[in-house]
Amino acid sequence: MFRSVFSAGVLVRTVHTGLTWAVTLALFLHDTDLHHQDKRWQLLHPLAFVLLVLGSVFLYFAVSLMDPGFVLSDLKDLESAELIQGSPLRMRRCGYCLLQQPMRARHCKTCQHCVRRFDHHCPWIENCVGERNHPLFILYLVVQFMALLWAFQLAWSGFRSEAAWTDWLYTNLLLLLASVLTGTLTVVVSLLLVCHLYLISCNVTTWEFMSQHRISYLKHHDSDTSPFDEGVLCNLWRFFCTFGSVAWERVYFRNAHHVV
């Protein structure tokens, strides 16, 4: 289920973890609201912030090390195979894995595997985002957004005024760096979260959205609709509340041709 911690992404994960705890430490040591509450033994907010940061780090490693839905054997769903064989579509065999790909799967050259319901390969987590870890990836983005937004507010609360700008810069340099880092990442994570939630509500992956003209099962469909779209509520329910692999061939033919 989980990949080795000591894989190619160990440097990325080390940098991510190091920056997270460096910013957290800076917020506790400088004259921020968090520091004041900690000194007065008002521990509710400091404890909540630390738990939120711990949760974001845990989710980061879970998504980063988790199997995103690797295709490890040929397509075994006979009904899905028959549906494809009886249609203008053809079953695709990966030129790298030499395995038959389920619908919506794609080969990732970085991970060297085909991934079910492939969304994208994320260099931030050094792993693919696919069928198995995509919901957890969304949860990670939500928790990370909350932690970053709170950290930005705390960093902003710690700035101290000085008579000269050089003195101000010397006094607030670490908090300024923390504010720039957390502010930039807050914008990036919020945009990423909004984009993913929109695509999920339409039942479209990032790969399908970016490469529709090159994907055989999408070429003959309107670019504004997805053959997998079952309505916003059903799409969200299927994404967040369905466990195990989905035979997307059935959904495709039921919605597009009413075969099932």
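The protein exposes about 14,500 Å² of surface, and carbon and sulfur atoms supply 66% of this area. These values, like those that follow, were computed from a predicted model. Of the 260 residues of the protein, 43% count as buried. The fold contains nine helices and four strands, arranged along the sequence in the pattern α-α-α-α-β-β-β-β-α-α-α-α-α. Among contacts between residues at least 6 apart in sequence, 63% join residues that are at least 24 apart.

Part of the surface is formed by a nonpolar patch made of Trp165, Leu169, Leu173, Leu174 and Leu177, which together have about 530 Å² of accessible area. Trp165 lies in helix α6, which covers residues 165-202. Trp165 counts as exposed because its relative accessibility, 65%, is over the 50% cut-off.

Helix α1 spans residues 10-29 and has 20 residues. From its first C-alpha to its last, helix α1 reaches 28 Å, close to the 28 Å expected at 1.5 Å a residue. The buried residues of α1 are Arg13, His16, Thr17, Thr20, Val23, Thr24, Ala26, Leu27 and Phe28. An α-helix has 3.6 residues a turn, so residues three or four places apart point the same way. Such spacing is seen in α1 between Arg13, His16 and Thr20, which are among its buried residues.

Leaving aside neighbours within four places in sequence, Ile138 is in contact with Leu193, His196, Leu197, Ile200, Phe239 and Phe240. In soluble globular proteins, nonpolar side chains tend to be buried together.

Strand β1 covers residues 106-108 and contains Arg106. Arg106 has a relative accessible area of 30% and is therefore partly exposed, as this value lies between the cut-offs of 20% and 50%. Apart from neighbours within four places in sequence, Arg106 is in contact with Gln101, His113, Cys114, Val115, Phe118 and Trp207. One of these residues, Trp207, is 101 residues from Arg106 in sequence, while the C-alpha atoms of the two are 8.9 Å apart in space.

Technical notes: Residues numbered from 1 in each chain as written. Predicted model: local features only at pLDDT ≥ 70, side-chain atom pairs only at ≥ 80, totals over all residues. Heavy atoms only, no water. Helix = DSSP H or I, 4+ residues; strand = E, 2+ residues; numbered from the N terminus. Buried < 20%, exposed > 50% of the residue type's maximum accessible area, 1.4 Å probe, protein only. Contact = heavy atoms within 4.5 Å. Areas by Shrake-Rupley, 256 points an atom, 1.4 Å probe, with all protein chains shown as cover. Patch = residues over 30% accessible without salt bridge, like charges linked within 9 Å, V, L, I, M, F, W, Y side chains within 5 Å. Salt bridge = Lys/Arg side-chain N within 4 Å of Asp/Glu carboxyl O. Expected span 1.5 Å × (residues − 1).
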